[in-house]
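Thanks for coming, everyone. I'll keep this brisk. Please have a look at the model first.

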Amino acid sequence: MGKVKNHHFYVCSHTHWDREWYGPFEDFRMRLVELTDELLDYLEDEPEYRCFNFDGQAVVVRDYLEIRPHRLDDLRKAVTAGRIRIGPWYILPDEFLVSGESFVRNLRLGHRIASEMGRVAKVGYLPDCFGQASQIPQILLGFGIDSYLFWRGFSPEHDPPELWVEGPDGSRVLAYHLHDGYSNLAFMPHQAPPEVQQMWLDRSNESDWSDLSGLSDKSDQKSAVRWSVRAKFLTLKALAERQVLSDGSKVHLMMNGFDHMRIHKDLPEVLRRAQEECEGWTFHHAAFEEFFEALKAERGDWPVARTPMRDTARDPASGAYILDGVLSSRMYLKQANARCQTLLERWAAPLETWKWLEGGRYEQAFLDRAWELLLQNQPHDSLCGCSVDAVHRDNENRFARCWQIGEQLLRRSQTAIANRMDCAFAKSGEGVLIVFNPSLRPSSQRVEAQLQIDAREFAPMATAGEAARKIRGVQLFDHDGREIAARVCNIRTETTNEPHAPDERGLVNHRRLIADATFWADDLPPLGYRAYRFRFVNQPTNRSGSLFYDDDTMANEFLKVTVGGDGTIGIAEQGRTKEDAERLPRWIDVHYEDAGDCGDSYNYARPLNDRVVVGLGCPTHVEIVEDSPGAAAFKITQRLDVPESFDFASQRRSEKTVPLEIITQVTLGAKSRYVQFRTRLKNIACDHRLRVRFNPWFELGGEEKLSVFAEGPFDVVQWPIAPQHPDPQHWIENQPATIPQHSFVDVSDGKWGIAVFNKGLPEVEVVREPEPRIYLTLFRSFGWLSRTDNPARKGSAGPELATPEGQCLREMEFEFAVYPHPGRWDEAGVQAIAHEFVAGTSSLCIAPHAGDLPPVKEFLRLEGDPNIALSTIERSQDGEGVIIRLWNGTEHNREGRLIFDRPVKSAHRVRLDETVEEALTVVRQREVPLKIGAKKIITVKAVIAARAESHLPLSSRKH
């Protein structure tokens with residue numbers, strides 16, 4: 001070793017365990033059981049094999065014990081002793097497609113399982129995620145984790161792998177960048193440098209270097225072992241020498257493992273040989289925590305890397321692709337994930353909490369089960385849509401089961417609250433509609449509801465059919481008796497049964513009168529409800545609205561929408577001030593654009609000779625489908641003739657075309673500041689990408705003024721426009737042009753901007769030349785998991801397997817909206833309005849009855865800065881209080897107040913894992929003032945008085 005002394009090498013054995021990928025879950029589980037059986041048996045036989053790191057996940061424990069329950073004690077013994085390390089995560093998630101709350105639930109469940117087994121591995125281990133999200137440091141620290149291992153997204157030119165990773169709020173964790181990947185000591189001796197391999201060839205006749213492939217059954221096995229150990233030792237030595245030159249400290253991490261790799265049983269002997277022959281060096285078979293403990297002791301002046309990190313690799317040998325096409329692969333998975341997250345975070349958990357505070361049972365076990373199913377779909381190979389078809393069929397099933405649990409919880413909690421409500425304002429023969437608002441602020445929006453009433457209530461002496469034939473409309477009133485103009489359609493009768501409420505005849509069957517209704521609801525209470533009464537009548541009740549100028553234009557006080565016969569959709573501002581009345585109105589053009597895709601599940605690739613089909617001038621039919629006081633809507637049917645497929649032999653889209661019929665409903669609410677789009681289609685073409693293009697036909701500021709912000713997990717991130725591609729000499733993948741987003745993307749020059757909202761459509765691109773444009777991806781179709789000839793990437797990103805269901809030959813529906821606004825996103829309330837669009841409202845119909853809750857009620861209100869965003873509301877894990885998680889995605893400090901509907905005994909600021917940090921002040925019995933720093937996540941735990949103690953009505957509070 002010569003001049004180099006006192007270096008310490010931490011060899012961390014591990015397996016990177018994809019729960020499902022190029023095979024379905026049960027296939028991979030069989031391999032997992034084999035690996036774990038072998039590991040547990042070997043740990044019993046070999047005390048010198050100190051530690052195995054199980055990929056930072058705890059789900060493997062449950063997957064294994066479902067098949068080998070009798071080995072629980074063996075596994076718990078190994079985990080408690082630190083010989084097997086699991087957690088802190090439940091699964092290794094994709095970082096850009098999941099919500100901030102999903103990270104919290106992921107770490108919470110991972111900690112719970114690992115704790116039950118005896119020990120949690122407290123290292124933020126994210127070795128294979130496709131980039132690093134901005135708030136990872138703050139999230140990790142929220143669970144007491146101050147160290148972090150990662151690979152993709154960071155491409156330093158010269159920096160050492162030891163660094164501080166800093167989030168936008170200033171939170172820092174000590175990190176090690178896996179610059180050589182997570183397998184830099186996995187393939188001994190095959191990873192040996194060329195000079196070592198040449199040494200084997202030169203000495204191949206010596207018994208200590210015998211070629212294993214030439215051994216017969218009677219060969220000297222000891223010689224083979226010496227060959228293996230000697231070759232592996234020399235590989236280890238050579239790789240260690242190389243790592244000494246690249247690392248910035250004298251503490252080095254060597255990753256002894258790879259995808260689904262089983263253990264190296266001769267590793268203890270290899271390390272003994274290294275310890276004996278490498279003077280001045282020490283080799284430790286270690287856990288990740290032990291490596292970081294040694295690194296912290298170095299106290300180096302490490303560089304700082306700031307999140308988010310989404311650079312593709314600049315080192316051609318690293319293979320650290322970003323694989324940005326996964327943002328749009330199998331878009332139906334992203335939509336289902338977003339729907340389930342919204343259901344659990346914004347509806348099921350908050351309403352379950354409210355029900356609990358009113359004296360009901362809190363269904364923690366069902367909420368946990370729904371979250372577990374959802375989390376099982378959030379690993380990068382699952383949610384990213386880059387696995388074989390069988391995997392994604394399983395994903396759809398899990399999403400459906402998660403949705404079923406969430407919907408049942410929501411309906412039951414709403415019913416429990418509704419059963420407490422005093423409906424005496426409703427008359428005989430009427431029904432009661434309750435509209436719930438999940439926001440912490442009052443909301444006014446268009447409501448879509450299904451009105452239902454028992455047919456016997458409408459006409460006691462008539463059959464349901466006779467009753468239905470008499471009905472012509474529905475009248476809707478608020479609880480004070482004021483009639484609400486509603487659009488009613490599809491009046492019908494349906495038979496329903498209640499299998500859980502049998503009478504003496506068995507199942508209870510009901511004939512119900514049902515009507516679909518839409519109306520504009522003003523001032524829905526924050527995290528509360530407003531009740532309405534309705535009755536079916538025998539005369540028409542629909543009234544035309546006042547939003548249509550003519551057959552092709554609708555407008556309210558804020559916006560004007562014009563639909564052309566050639567497929568153009570134009571959105572213009574309304575209500576200009578006197579100062580700018582002379583200028584032309586700002587105008588946004590919206591249309592569809594279809595282009596070819598010769599890529600794969602990982603990377604979109606535009607063909608060199610592409611044929612782009614634009615939804616302008618194509619056959620179009622326009623009709624008015626809603627004209628009411630609450631809203632106006634067009635239905636636009638367009639036919640795009642798109643190439644049937646891509647011919648990989650000729651590298652061209654096919655000459656043969658197939659029709660892509662796109663049906664879009666464009667809706668403008670009476671007082672809405674945004675225009676809603678609901679698009680339906682059936683895709684029958686292959687190898688293409690369909691996007692919506694938003695063109696602002698007005699001048700935004702120059703390049704230096706134009707900014708792009710998009711919501712991510714617990715943050716609103718400013719992204720570069722059209723980042724520069726790597727130097728061709730170091731190119732392995734195109735720099736991502738697309739931007740990940742959650743509920744919105746916003747483009748602004750500081751004076752004026754455009755926000756595009758979406759429901760589960762996470763891929764967007766912003767183009768600056770020749771003029772600013774926004775592209776929202778609806779879906780893309782492909783037929784391969786990975787292709788070695790993908791022009792967007794050098795080499796393969798996975799097995800070259802056919803995935804015909806990746807073509808998305810199915811019916812699909814998409815929802816998005818456009819919000820033109822003055823100023824920047826944080827000056828125009830973009831995020832609050834986007835969250836209102838995504839969460840919407842929920843409604844329930846009940847029969848009139850007496851109760852002790854009023855017909856209009858709020859449970860919790862957030863007053864103050866509109867840029868404070870709600871993540872979720874739930875019961876605390878100790879069952880004693882209410883958790884309210886909020887976050888500030890802006891670069892400025894914000895202030896607000898939580899106002900409860902009943903007295904608050906105590907309030908504390910707690911970490912994400914609910915460890916208490918500081919007491920908060922409670923004023924006027926019910927109010928908790930808050931200060932939230934720039935880019936900060938804040939979790940409040942409030943202990944609420946029992947309902948009997950809540951004697952003051954909410955309306956009597958003083959401000």
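Let's start with a strand pair. Strand 45 (residues 904–910) and strand 48 (residues 937–944) run antiparallel and are joined by six bridges. Val-904 has Ile-944 in strand 48 as its bridge partner. A word on terms: two strands pair if DSSP finds at least two bridges between them. Helices (H or I, at least four residues) and strands (E, at least two) are DSSP runs, numbered from the N terminus.

Before going on, the ground rules. This is a predicted model, where local features need pLDDT of at least 70, side-chain atom pairs count only at pLDDT 80 or more, and totals for chains, interfaces and linings use all residues. Residues are numbered from 1 along each chain as its sequence is written, and side-chain values use heavy atoms, with hydrogens and water left out.

Which order do its strands take? The order is 42-43-48-45-46, in an open sheet of five strands with antiparallel pairing. Strand 42 (868–875) and strand 46 (916–920) are the edge strands, and each pairs on one side only. From one strand to the next, the twist averages 25 degrees. Angles here run from 0 to 180 degrees between N-to-C directions, and axes are lines fitted to C-alpha atoms, for helices over the stretch in contact.

What lies across this sheet? Helix 4 lies across strand 42 and strand 43 (882–888), at about 35 degrees to strand 42. Contact, by the way, means heavy atoms within 4.5 Å.

Helix 4 has a helix partner too. Helix 4 (residues 100–117) packs with helix 11 (residues 364–375) at an angle of about 105 degrees, and the axes are 10 Å apart. Helix 4 and helix 11 are therefore roughly perpendicular. The cut-offs: under 35 degrees is roughly parallel, over 145 roughly antiparallel, 65 to 115 roughly perpendicular, and the rest oblique. Who meets whom? On helix 4, the residues are Glu-101, Ser-102, Arg-105, Asn-106, Leu-109 and Arg-112; on helix 11 they meet Asp-368, Trp-371, Glu-372 and Leu-375. By class, that contact has three nonpolar, two polar and five charged residues. Nonpolar here is Ala, Val, Leu, Ile, Met, Phe, Trp, Tyr, Cys and Pro; charged is Asp, Glu, Lys and Arg; the others, Gly among them, are polar.

Strand 6 (residues 162–166) and strand 10 run parallel, joined by three bridges. Glu-166 stands opposite Arg-306 in strand 10.

Next, local details. The peptide bond from Thr-307 to Pro-308 is cis, with omega near 0 degrees. Pro-308 sits in the loop between strand 10 and helix 10 (331–357). The bond from Gly-87 to Pro-88 is cis as well, with omega near 15 degrees. Pro-88 is in the loop between strand 3 (84–85) and helix 4. Asp-523, in strand 16 (residues 506–524), has a positive phi of about 55 degrees although it is not a glycine.

Last, confidence. pLDDT is the predictor's confidence in each residue, from 0 to 100. The protein averages 90, and 90% of the residues score at least 70. Over residues 207–225 the pLDDT is below 50, and this stretch has 21 contacts in the model beyond near neighbours in sequence. Residues 948–959 stay under 50 too, with 25 contacts beyond four places in sequence.
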